[in-house]
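Try each task before you read its solution.

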Amino acid sequence: MADGGDTGTQTPRERYRAQVRAEVKKHAWEQMAVAGASALSLNAIAKQMGMSGPALYRYFASRDELITELIRDAYRSLADTFRAASETAGSEPGLAVLAHALRGWALADPQRYFLLYGTPVPGYHAPDDITAIASENMVMMLDACVALPADGPVTSFDSHIEGLGRRWADGHSAPPAALRRALAFWTRLHGVLSLELAGHFEGMGFDPALLFAAELDDLLG
């Protein structure tokens, strides 16, 4: 998503600022693809762009501000992917639609995926609005879980996460079984995806897509 909103209403200075910020983010993604998010350096990006470090800091005041902007873009991209997939899904179960959309989105840009779901960047603390953006995706997943039939009797873990779930699920009214299914979806499918994208299945002789589908089938009951 470009910075600055509608370019038709921007001043030349605002358009230039948006262009520079977009170029900084492009270089940041390229840098992370080589060395990971923890190695992100504004000074290195400034050198690539032929700018001084202090000049670049007029566009992003700190490394953390740049990381936050990249995270916002990534969450918005995933939310847009989920919405687009849901709108064209037809009669396919919503949870399956989101799962396949998630995998396609992750495979298209592994570094973007790892920025959201990989190892936290050392020393980085996300602002509160990042949680609000992330919850948009969680709500879509919970809605899809609520739409599925209950998959068995209430367990002790259901009771445990119901109290916790109103916090991590942003107060969603999903019943305990749906909260558990959403948590299983989140942990199991992200587990498979993270291992696949990190290359841990290479040489094992099976198709990761089939493993992902098998996990999804199990979650759908």
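**Exercise 1.** Find which element gives the most to the lining of the second largest pocket.

*Solution.* Helix α1 gives the most, with 4 residues. Helices here are DSSP runs (H or I, at least four residues), numbered from the N terminus. The model is predicted: local features need pLDDT of at least 70, side-chain atom pairs need 80 or more, and totals for chains, interfaces and linings use all residues. Residues are numbered from 1 along each chain as its sequence is written, and side-chain values use heavy atoms, without hydrogens and water.

**Exercise 2.** Sort the lining residues of this pocket into nonpolar, polar and charged.

*Solution.* Take the classes: Ala, Val, Leu, Ile, Met, Phe, Trp, Tyr, Cys and Pro are nonpolar, Asp, Glu, Lys and Arg are charged, and the others, Gly among them, are polar. The lining of the second largest pocket then splits into 10 nonpolar, 5 polar and no charged residues.

**Exercise 3.** Classify the ring pair of Tyr113 and Tyr117.

*Solution.* Start with the rule: rings of Phe, Tyr and Trp (its six-membered ring) pair if their centres lie within 6.5 Å; planes under 30 degrees apart are stacked, over 60 edge-to-face, the rest tilted. The count comes to 3 aromatic pairs. Ring pairs link Tyr113, Phe114 and Tyr117 into a cluster.

Notes:
Helix = DSSP H or I, 4+ residues; strand = E, 2+ residues; numbered from the N terminus.
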